[in-house]
Amino acid sequence: MGYRVGIVGATGVAGSEIVRVLEERAFAVDELRAFASPRSEGRQIPFGGSTVQCRVLSDGAFDGLDLVLMEAPAEVAGVWAPRAVAAGAVVIDNSSAFRYDEAVPLVVPEINNQDLARHRGMIASPNCTTLALVPVLKPLDDAGGLRRVVVTSYQSVSGTGHAAVAELEQQTRAFMDRTEQLARAAFAQPPFDGAVVYPKPIAFNVIPQADDFTGDDGLTKEEWKLIVETRKILNRPELSVSPFCVRVPVVVGHSLAVIAETERTLSPAAAEEILGSAPGVTLWTGQTYPTPLDVAGTDGTHVGRVRKDPGADKALALWISSDNLRKGAALNNVQIAEALLERDLLRVPH
Ligand SMILES: NC(=O)c1ccc[n+]([C@@H]2O[C@H](COP(=O)([O-])OP(=O)(O)OC[C@H]3O[C@@H](n4cnc5c(N)ncnc54)[C@H](OP(=O)(O)O)[C@@H]3O)[C@@H](O)[C@H]2O)c1
């Protein structure tokens with residue numbers, strides 16, 4: 001028996017990857033309904049050797065569906081996810097709309113599957129940067145007791161969505177033959193070519209701002225999410241997390257330089273042994289390391305350059321790269337759906 005599945009945001013970078021992951025993992029889909037904005041109404045989405053026509057959201061859109069995968073902006077999910085639950089579908093929401101709601105489980109199946117048991121129809125999936133980090137932190141926390149985590153991210157443009165990928169492509173073409181100008185600071189001053197999504201040029205540049213600033217504390221939304229989501233998933237509400245999120249001109253793949261300080265000493269060899277058998281983690285041993293181009297299109301959270309931090313006792317330094325559209329979005333969403341099925345939890349409790 002298969003399931004009736006809806007995807008909201010089926011034309012986006014996360015939604016397109018969901019379609020691929022459902023096919024690859026042979027998720028039992030009897031009916032697929034694809035939704036996007038009015039811009040994409042009528043667009044054909046290839047699925048299962050055929051195509052599905054994209055619709056806009058409207059009354060009754062979710063009637064009869066078992067599962068809705070929300071791959072849309074938070075403003076859209078905030079309105080439509082509760083309507084999908086009211087229509088009887090379980091919602092897995094990839095946006096930030098419900099992640100910080102205590103009543104909504106925020107799930108990474110390798111880590112906190114047990115939280116699925118308390119769902120009331122809605123399950124949230126974390127931000128792509130959090131999803132690159134927590135599969136590595138969890139086994140280190142279990143073994144050594146995390147005390148403090150310092151993270152600098154190098155985030156790809158697909159983490160911002162399809163418009164950002166187009167912006168990087170367009171600027172890269174425009175800047176290609178202008179290396180002399182690129183060596184002059186004034187080049188980054190407005191007006192510059194085609195910047196709509198980011199506040200500064202992203203091609204041949206790095207931007208130490210991912211998403212908007214949250215308020216007086218100087219954090220961006222992405223940094224705030226990394227702190228709050230890491231604590232919620234690891235069930236460590238007091239954990240000290242110090243993030244600095246940076247956008248880089250990479251198409252797919254988020255990377256993180258991490259210092260993990262623990263209560264008990266973990267040697268690099270012990271940490272490698274632990275990470276080598278951690279679920280969902282691919283270890284690169286010794287001085288080897290993954291890069292975004294190594295991991296794009298792969299499922300694991302890749303970790304390498306595990307070493308002692310020379311600046312602190314009981315601290316490890318390591319490097320992570322992970323495909324933000326696979327584990328960082330679509331794969332985690334489908335793994336949550338699979339975990340619900342395994343536990344017979346794909347239904348809205350009364
Ligand atoms: N990209 C990542 O790595 C990643 C990782 C984790 C979580 N997320 C979250 O996943 C969600 C989707 O992100 P994305 O990166 O895939 O963005 P995206 O590429 O910009 O795609 C957004 C999708 O939402 C659709 N949409 C926009 N307004 C809509 C409306 N009013 N009604 C119905 N559909 C609407 C868009 O349709 P059109 O194509 O017609 O505009 C598109 O299909 C966001 O909440 C994001 O924060 C993304």
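Predicted model: local features only at pLDDT ≥ 70, side-chain atom pairs only at ≥ 80, totals over all residues.
Residues are numbered from 1 along each chain as its sequence is written, and side-chain values use heavy atoms, with hydrogens and water left out.

Let me start with the parallel sheet, an open one of 5 strands in the order β2-β1-β5-β6-β7. Strands here are DSSP runs of E with at least two residues, helices are runs of H or I with at least four residues, and both are numbered from the N terminus; two strands pair if DSSP finds at least two bridges between them. At the edges stand β2 (29–35) and β7 (122–124), each with a single partner strand, so one side of each has no neighbour in the sheet. Neighbouring strands are turned by 15° against each other on average, direction ignored, where axes are lines fitted to C-alpha atoms, for helices over the stretch in contact, and angles run from 0 to 180 degrees between N-to-C directions. β6 (residues 90–93) pairs with β7 in the parallel sense over 3 bridges, and Asp93 has Ala124 of β7 as its bridge partner. Two helices belong in this picture: α1 lies across β1 (3–8), β2 and β5 (67–70), at about 155° to β1, and α10 touches β1, β5, β6 and β7, its direction making about 150° with that of β6. Contact here means heavy atoms within 4.5 Å.

The other sheet is also open, with 6 strands in the order β9-β8-β10-β13-β12-β11 and mixed pairing. Its edges are β9 (240–247) and β11 (281–283), each of which has a single partner strand, so one side of each is left without a neighbour in the sheet. Strands β12 (residues 301–308) and β13 (residues 315–322) are antiparallel over 6 bridges, with Val303 bridged to Ile320 in β13. Helix α4 (residues 128–144) packs on this sheet, touching β8, β10, β11, β12 and β13, and its direction makes about 25° with that of β10.

Now to the charged pairs. The structure holds 18 salt bridges, each defined as a side-chain nitrogen of Lys or Arg within 4 Å of a carboxyl oxygen of Asp or Glu. One of them joins Lys327 and Glu110, at 2.9 Å from N to O; Lys327 lies in α10 and Glu110 in α3, so the pair ties together parts that are 217 residues apart in sequence.

Finally, the pockets. A pocket is an open set of points on a 1 Å grid over the protein atoms alone, where a 1.4 Å probe fits, with protein on both sides within 12 Å along at least five of seven lines, and lining residues have an atom within 4 Å of a point. Of its 50 lining residues, Ala72, Pro73, Gly159, Thr160 and Gly161 are the closest to the centre, and α2 supplies the largest share, 4 residues. The second largest pocket, of about 280 Å³, is lined by 16 residues, and α7 gives the most, with 5 residues.

Conventions
Points joined across faces, edges and corners; volume = space filled by probe spheres on them.
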